[in-house]
Amino acid sequence: MKNNTPDSITLIDTFANKINITDPAPYVTCIVSNENKQISIIGGSSDSLNVIHIPITDHPQPLKDGKWSINSDFFKVFVKNTHTPNTIGFLFDYDDDPKYPMLAATKLAYGEQGRYCQSVEAYQPHIEYYLHLSQKQFLDIMPQHCHEIIHLRYKHKSFTGIYINKEQQTIQVVDGDNIINYKYPEDLLDFPTTVYLTAETVKTLDSMNYSSLNTLSLCVEQDQVLLSSPAGHFSSSNKMPDQINADIAATQDNEVIFIAENGFLIHNELKNLNSKLNEIKNTNTGFFYFFDSYLYILARGSTIKTIAKIKAKASSKFNSDQLYRFTLTHLKELFSTSLSKTNYNKINNPKITMTIYKTADNTRKLHISDSRVKTVNTIPIEKDNIPESIENVKKTIQLDEKFKEKAKLAKSTQLDLFSGDA
């Protein structure tokens with residue numbers, strides 16, 4: 001429940017936590033306006049500044065109108081020792097300088113300790129940033145937008161960020177090393193823009209939404225996102241992680257896309273490679289072979305060969321057979337995610353889409369997505385153009401076909417024998 005405490009008082013700790021005391025410009029800047037009855041405080045780091053507006057109550061000896069800066073390290077101590085849940089107390093005097101006040105960390109000043117800091121001329125880049133805020137274009141984000149984004153944050157233990165694509169009506173959550181695709185929620189249908197929000201941004205959004213009685217707003221810039229309310233403005237990086245960039249690139253630079261109907265068989269075969277047959281596990285290598293509308297999953301040791309043949313539909317065009325090599329230990333990443341927690345069986349048998357694409361650094365990735373739970377799992381993969389590897393794969397396929405034919409003949413012979421006894 002919201003209370004009557006000014007939003008900025010509730011957010012002062014969020015503001016203080018964003019101050020980088022190792023920044024080359026170690027300042028927090030204050031702009032005092034008695035006419036507007038507020039102090040605007042600017043701080044953070046040089047490439048990511050924040051502003052908070054503190055209301056001023058009437059006082060017989062008010063702070064003078066003006067602009068000044070104070071040591072950012074002291075300000076963090078100052079905040080810790082000057083505010084209660086409902087107020088912030090400024091203890092100051094102008095004895096040493098009629099223009100720039102000396103500030104005290106209030107609680108300490110009343111005890112046996114003391115912490116004091118002389119303010120100095122206002123740091124000009126902070127003032128310029130503050131003045132330019134009014135020129136930025138902010139878009140309203142409604143409470144239901146905030147609630148949906150915050151809900152998705154708490155749904156994932158290793159939440160790293162969320163990519164909201166308004167144009168394509170898609171949501172992607174980065175959860176550790178995995179990307180989770182979600183159906184676009186109804187509560188975000190009128191979300192104003194496409195944006196990537198980091199975990200830090202969503203945490204700030206959560207704090208602002210909790211403390212504010214007002215609609216929040218959002219400004220998306222090339223390298224950062226600004227969240228705004230009447231209490232202030234908070235910025236953070238919006239640099240997308242490699243997983244999201246790769247996923248976007250994948251839609252534009254796909255090398256192979258296969259859609260397999262038998263998700264149960266794929267899941268079962270990959271899980272077996274990861275957990276059974278030590279001779280295979282010791283090679284730490286598996287293969288995907290795409291040929292003639294089939295996906296083959298293969299592995300080979302010194303004496304053991306394994307193969308699974310899955311009917312698949314190609315949704316991308318390629319001119320010849322394709323062989324890819326992957327590391328078996330990377331399969332553990334698949335089976336530590338929600339893909340493994342899906343209850344695969346012959347009845348619950350969703351389609352599996354496998355997408356192989358090149359990344360910006362010319363390496364390849366494999367996306368495996370489940371049509372039912374919309375989970376995307378990504379592992380590294382390599383193209384194998386070695387003629388010997390392709391020849392070995394073809395020999396294993398021929399071996400499999402030969403034994404399947406023998407099995408058919410054996411089954412037919414058994415049926416004939418049983419018929420003869422009848």
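1. Leaving aside neighbours within four places in sequence, Thr285 is in contact (heavy atoms within 4.5 Å) with Ala299, Arg325, Phe326 and Leu328. Thr285 belongs to strand S18, residues 285–291; helices (H or I, at least four residues) and strands (E, at least two) are DSSP runs, numbered from the N terminus. With a relative accessible area of 17%, Thr285 is buried, where buried means under 20% relative accessible area, exposed over 50%, and partly exposed in between (1.4 Å probe, protein chains only). The side chain of Thr285 also reaches the backbone oxygen of Thr283 at 3.1 Å.

2. This is a predicted model, in which local features need pLDDT of at least 70 and side-chain atom pairs count only at pLDDT 80 or more, while totals for chains, interfaces and linings use all residues. Residues are numbered from 1 along each chain as its sequence is written, and side-chain values use heavy atoms, with hydrogens and water left out.

3. On confidence, the protein chain has a mean pLDDT (the predictor's confidence in each residue, from 0 to 100) of 81, and 80% of its residues reach 70 or more. Over residues 1–5 pLDDT stays under 50, and the model has 9 contacts beyond four places in sequence for them. Where pLDDT is low, the predicted coordinates should not be read in detail.

4. An open sheet is formed by 9 strands in the order S8-S4-S1-S2-S3-S16-S15-S14-S9, with antiparallel pairing; two strands pair if DSSP finds at least two bridges between them. Strands S8 (120–121) and S9 (139–141) stand at the edges with a single partner strand each, so one side of each has no neighbour in the sheet. Within this order, S3 (residues 48–55) and S16 (residues 232–237) run antiparallel and are joined by 2 bridges. Ile52 has Gly232 as its bridge partner in S16.

5. Strand S10 (residues 159–165) pairs with S13 in the antiparallel sense over 4 bridges. Leu197 in S13 is the bridge partner of Ile162. From S13 (residues 195–198), Val195 and Leu197 point one way and Tyr196 and Thr198 the other, and all are buried.

6. Helix H2 (residues 72–80) has Ser72, Phe74, Phe75, Phe78 and Val79 as its buried residues. Seen down the axis of H2, these residues fall within an arc of 145°, so they line one face of the helix; the arc is that of the directions from the helix axis to the C-beta atoms. The N-terminal end of H2 is capped by Asn71, a side-chain oxygen of which lies 2.9 Å from the backbone nitrogen of Asp73.

7. Most residues other than glycine have a negative phi. Lys37, however, has a positive phi near 55°, and lies in the loop between S1 (27–33) and S2 (38–45). Lys37 is partly exposed, with a relative accessible area of 43%. Asn284 likewise has a positive phi of about 55° although it is not a glycine. Asn284 lies in the loop between helix H9 (278–283) and S18, and is partly exposed at a relative accessible area of 26%.

8. Finally, the cysteines. A search of the whole structure finds 0 disulfides (pairs of cysteine sulfur atoms within 2.5 Å). Cys30 counts as buried at 1% relative accessibility, and Cys117 counts as buried at 13%.

Terms used:
A polar contact is a pair of N or O atoms within 3.5 Å; within protein, one must be able to donate a hydrogen and the other to accept it, and residues adjacent in sequence count only if both atoms are side-chain atoms.
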